[in-house]
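Welcome! Please take a moment with the sequence and the 3D view below, and then read on for a short tour.

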Amino acid sequence: MRLITLFVTGMLIQITLKAQLLSTVPQFIREGSSGVEITVDASKGNKGLFNYGNTSDVYVHIGLITTASSGASDWKYSKFVWATTNPAAACTSLGGNKWKFTIPGDLRSFFGVSNSFEKILKISILFRNGAGSTVQRNADGSDMYIPVYESGLQVRINEPFMQPTYTPIAEPVTRNIGDQVSINAVASSAANMAISYNGTVIASQNTVTTLTTVGQVNAGGLQTIFATATDGVTTVKDSLRFFVTGPALVAPLPAGVKDGINYEPGDTSVTLVFYAPGKNNLFVLGDFNNWTQDGKYQMNKTPDGNRFWVRIYPLTPGTEYAYQYLVDGSLKVADYNCEKILDPNNDNFISPDSYPSLKSYPTGKTTGIVSILQTAKPVYNWQVSNFSRPDKRNLVIYELLLRDFLGQPNWNTLKDTLSYIKRLGV
């Protein structure tokens, strides 16, 4: 049996919020849209407000992502103070774990955007209780975002459904080969619309604002849905891709490899081995495949079912590559055998003095801790060439967490603080 997991490529920026975690009226929000309604369904996402008892104690924290923002966390024009109960931020309970917030007036007026050269790209939003201790977010714990569209004709795929992350990702959906996939697309104004599946037009209609059809999953590999709208002057497109996962190829481990990263001669390839008994299929996601599922990166399964392995090539010698394992289409984990990781929750506290040129986290491409591999690593230049290893039976072990002990958590500060600590070679 083969399963598919839906996902979206980075090219899909304008997303639908219909019938999922967030929904909006109107569907295509513009800078001049007045009375925008935003509804959250707390049974989705991280379920932070799911079954929250005090239905009158829900407020929004809301701001904008504009052309002046540096990234997802750089909210502009935030309206309300966190953990306060400003009546203007209050939400209306709709029952069934749903709350609605209405923006009075147009976006520029409400948020106070006076610079005519600054464009509004997204509305950034969280729903919370009055104390700010209970927060509704995306399933991965990230903030939620609603796209703001340019004027003119627009089109987007509404179904399969999407999550309102900064860089849009699809809601995970599984199907068997032979199953059908419901597809719905909408246009911002009446247009000639068409939907294609794997390069074949499967539905078209003229002078409409919505088009619905069904696609058939017939084979494994990468599948593509395109929605097109044209009004005779402008043609716009939206796309969604999903991957059909076939059964893992059963193959024994190559000779001499062990769990983790196995660097190969030539510094352009590695063999990754991951211990995951009881799992059905694993993929490697990383910088080398733009964090998307690809048949080339589906891991082989050993005959005993305990391990998965795959060769990754070609790699550029000396380049650091971030990667993760995708387990059974839903769980993303780092390689517990690697020597270096990137942590989106803690790396921002590492100063350049402590770790110069730290590799950036692949924000918007994945979530959670990721691993690092690097062929042709720089060789450390030992300054003490005649070091004699002490008898391990007479060692005194001194354990110290630099981050908690020092304001500037690096070895040089520790050496200056505790004179009896000496870093070898310094």
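Phe243 and Phe283 are both buried in this predicted model. Their ring centres lie 5.4 Å apart with the planes at 85°, so the pair counts as edge-to-face. Phe243 belongs to strand E16 and Phe283 to strand E19 (residues 282-286), so the contact ties together parts that are 40 residues apart in sequence.

Let us stay with E16 for a moment. Of the eleven residues in this strand (residues 235-245), eight are buried, so the rest of the structure largely encloses it. Its neighbour is strand E15 (residues 221-230), joined to E16 by ten bridges in an antiparallel arrangement. Within this pairing, Ala229 stands opposite Val236 of E16. The hairpin of E15 and E16 has four residues between the strands, and there Gly232 takes a positive phi near 95°.

Next comes an open sheet. Four strands build it in the order E17-E18-E21-E20, with antiparallel pairing. Strand E17 (260-263) and E20 are at the edges with a single partner strand each, so one side of each has no neighbour in the sheet. Strand E18 (residues 270-275) and strand E21 (residues 307-312) are antiparallel and share six bridges, with Val270 opposite Ile312 in E21. Strand E20 (residues 300-301) pairs with E21 over two bridges, again in the antiparallel sense, and here Asn300 stands opposite Trp309 in E21. Five residues lie between the strands in the hairpin of E20 and E21, where Gly305 takes a positive phi near 75°.

Now back to the rings. How many aromatic pairs are there? The count comes to eleven. One of them joins Phe28 and Tyr149, with centres 5.0 Å apart and 65° between the planes, an edge-to-face pair. Phe28 is in the loop between strand E2 (22-25) and strand E3 (34-41), while Tyr149 is in the loop between strand E9 (144-147) and strand E10 (155-159), so this pair links parts that are 121 residues apart in sequence. Phe28 and Tyr149 are both buried. Elsewhere, ring pairs connect Phe274, Tyr323, Tyr325 and Tyr336 into a cluster.

| Charged residue | Ring | Distance from ring centre |
|---|---|---|
| Arg128 | Trp82 | 5.3 Å |
| Lys296 | Tyr313 | 4.8 Å |

Arg128 lies over the face of Trp82, and the charged end of Lys296 sits over the ring of Tyr313.

Terms used
Residues numbered from 1 in each chain as written. Predicted model: local features only at pLDDT ≥ 70, side-chain atom pairs only at ≥ 80, totals over all residues. Heavy atoms only, no water. Buried < 20%, exposed > 50% of the residue type's maximum accessible area, 1.4 Å probe, protein only. Pairing = 2+ DSSP bridges. Phe/Tyr/Trp six-rings, centres within 6.5 Å; stacked < 30°, edge-to-face > 60°. Lys NZ or Arg CZ within 6 Å of the ring centre and 35° of its normal.
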